[in-house]
Amino acid sequence: MRKSLTMTATLAAAILLLSSCTGTTDPGSDGAVEEASEEALVVYNAQHEKLTEEWVEEFTAQTGIEVVLRNGGDSELSNQLVAEGDASRADVFLTENSPAMSLVENAGLFAPVDPATLDLVPEKYRPASGMWTGIAARSAVFVYNPELLDESELPSSILDLQSPSWKGKWGGAPSGADFQAIISAILETQGTEATSEWLAGMKDNATIYRNNIVTMKAVNAGEVAGGIIYHYYWFRDSDSGGENSGNTKLHYFGGQDPGAFVSISGGGVLKSSDNSAKAQQFLAFLAGVSGQTILGEGYSFEYPVGSDVPAKDPLPALDSLDAPIIDPSTLNGPEVIDLIMQAGLL
Amino acid sequence: MTTPPSRALLIIVVVLVVGMLIPVGYVIEATARIGIPELAALLLRARVGELLSNTVLILLLGVPITIVLGVGSAWLVERTDLPGRRFFSIVSVAPLAIPAFVSSYGWASVVPSIQGLGGGLLVATLAYYPLVYLPALATLRGLNPSLEESARSLGLTERAILLKVVIPQLRLAILGGGLIVALHLLAEYGAFAFIRFDTFTTAIVVAYQTTFAGSSAASLGIVLALLSVIVLGMEATARGRARYAYVGSASARPAELVKLGKLAPLAILALSAIGTLATVVPMTSVIRWSLATTPDLLDDLWRALIDTSLLSLSGALGAIVVALPVAWLATRHPSRLSRVLEGGYSIASSLPAIIVALALVTVTLNVAPGLYQTTATVTAAYIIIFLPRALVTLRAGLAQVPESLEEAAQALGKPPFIARMRVTIPLLFPAIAAAGALVALGAANELTATLLLAPTGTRTLATQFWSAASSVDYPGAAPYAISLVLLSIPAVALLFAQTRGKTR
């Protein structure tokens, strides 16, 4: 008996030692692994890590406010915010597409955006509610390999891709929020039944890739003739030598086709934030000249939407793309995911 | 000789085992919460059928292939006069130092069209066959040659001896190695996601990324947990019968080597080909891409190294603390009860990491929000996932420390606690260090649980590798890949040395 008691003492000592190791980390801070202070702004970032890092670097240089990122995808982080509710440590949420913003807005988790920030962004690039704002935009495109697909054979609408003649000729990444946003545009413009049919056609016809880059790479390598992606992947790759895009061209659907969908990336401040003044400051920075200029001149090739900052050369002007007119706050993420699951694409 | 364990020790072990069983509880709770009707709706879909067929096929094809590769290489390097046996014995263990997801990345950058079941099989069998090779090698070294000699004297051919005498004695090694391979195949995420091969694990990660820890991820998790339990059950059943065939103890002399004769060049060719495919191909592309890396990545690499070290160190310490009481109970107080408690530990750790991660996300968020997204939670995941590594090593270590030494110290007037601290613990030190090293290295390569649980801002080598590799940024991923391989080498060397140790 005494033997085991001493064993217990040894154990207790060991556990104490352990908790002093892990427990520089009392819950509330992120501890040993984290260099940033308690004060740091926590951003749930579904935007491209590198883009947000460019933003953060400049923001911290201007204001001295530290920022830490939790990176993930639109759907993951938005559902995570909903699951966390008021307990969330997030101060700011940034996405690539608007359905994820709507999900968080509908759960009542956003604080209203400062009116001064909203004034920086034209009304068509933000929801009427003012609970979040657009911070960037991206256009759906059809990337194709001219060796496999003649210009005359290009689809005139994204809806064409469900017909049997496109079997095995195109690819996409339905597990990603990007693609899901494009489908939400089909849902918004064509209705549930047509969207289900389109997705069933996609299941039959399309090669499924993990993300936009892999899709583009497959088209470039001639594994598949064409693919649905967002424009900036192509411009970024082309700008850095074209290793994964050199053999491909872009086709814009235009004509207000759902395939010409322009998706709004959003930013919002969480109601539960303990740091809301700094969070609003960060959002104002993103929509302001500095933040938008990083979009317009940095590596990203996404479209600026605020402060009249022009897009990076050689992007066609955002207004010239003839996108369908869709209120970003009407896009329904969960229903789209249900439809994609029913089609067996997830 | 065996005394009953004290109540305090029992309580500690029971409390810890309850903690370890959180993922099992999560699976049961999720089944109850979702309810059979909704579960049926989520699972009776064509997509789930595809996942099931992929997962079952990779098990049915992958496990036998790894067994053939593993046992074949072990027999060639241990029991034949193969030229360069020593060299090939190391070549065959080398793939273990390359995490499967790194190997998959290497292959995908050499053969971009690699995909599907074929690609999955190629990458996974080459990455995992050392898991069969090592136990087979250890067993072959320990076999008593007199059985083979009797068979030979009875006029059996070498081929008949191999099939009727040697292979049956390898059954335990084959089953054990095969079980580990099967559990790895069920849990693998990175390697398969990279080459577009979908299994339950990859689909759970996608479901998590689409809906967070909702019912869609949980329902797939339930199926995956069931598959793991089925695999465990099959292995246990097969092993139960195999015991009779097993002839254990170490031999006093080495067995006579089989002469390969004209077949020697063929054997060399086969082992060289496997070695090339498993190690040279992936490492060549990793090294080639790392030459294209920009130097400004080094700062990020340094940060990731620090985060990785801190997390895996706390995982290692945690696993030792959790494993020590149960190892103590099992070696010093063996009984039916201690075996049952030990079984509880191993059930939890045979669940794939993704389920452990989902369980901890759900439990911390709903029950212990203070622990949500903290190092403590990642540490807990590492403990649950890698506990067997610590347990096996500590148990072996404890078994080698004679209790009589401690008693002698007490007889010489030292109080029991001092006697334990001064005598037993120092003797146990090498085992504790080895256990810690094995857990830390496993944790450093861990991908799925780290992705889901790590505190905001954490970047480990594995997550940074994955982030770059997912964006097809091959040069950006290469330095992380190299670091992961370098980190794994000591663990593999340790495991290899252990097989050698069993010779005598």
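The structure is a predicted model, in which local features need pLDDT of at least 70 and side-chain atom pairs count only at pLDDT 80 or more, while totals for chains, interfaces and linings use all residues. Residues are numbered from 1 along each chain as its sequence is written, and chains are lettered from A in the order in which they are written.

Chain A is divided into domain 1 (37-137 + 264-316) and domain 2 (138-261 + 333-342), with bounds that come from an automatic or database domain assignment. The C-alpha centres of these two domains of chain A lie 26 Å apart. Across the boundary, 19 residues of domain 1 of chain A are in contact with 13 residues of domain 2 of chain A, where contact requires C-beta atoms, placed from the backbone, to lie within 7 Å. On the side of domain 1 of chain A that touches domain 2 of chain A, α3 (74-84), α4 (98-106) and β5 (133-144) of chain A each supply at least two residues, and the largest share, five residues, comes from α4(A). Helices (H or I, at least four residues) and strands (E, at least two) are DSSP runs numbered from the N terminus.

The axes of α4(A) and α6(A) (residues 177-190) come within 8 Å and cross at roughly 85 degrees, the axes being lines fitted to C-alpha atoms over the stretch in contact, with angles running from 0 to 180 degrees between N-to-C directions.

Chain B has 24 helices and zero strands. The table gives values for this chain.

| Property of chain B | Value |
|---|---|
| Span of the C-alpha trace along its principal axes | about 65 × 65 × 55 Å |
| Share of the 504 residues that count as buried | 52% |

A residue is buried if 20 or more other C-beta atoms, placed from the backbone, lie within 10 Å of its own.

Within chain B, Y208(B) has its place in helix α13 (residues 200-211) and is buried, with 29 other C-beta atoms within 10 Å. Leaving aside neighbours within four places in sequence, Y208(B) is in contact with E76(A), A213(B), A217(B), L358(B) and L452(B).

Note on methods:
Two residues are in contact if their C-beta atoms, placed from the backbone, lie within 7 Å. A residue is buried if 20 or more other C-beta atoms lie within 10 Å of its own, exposed if 12 or fewer, and partly exposed in between; C-beta atoms are placed from the backbone.
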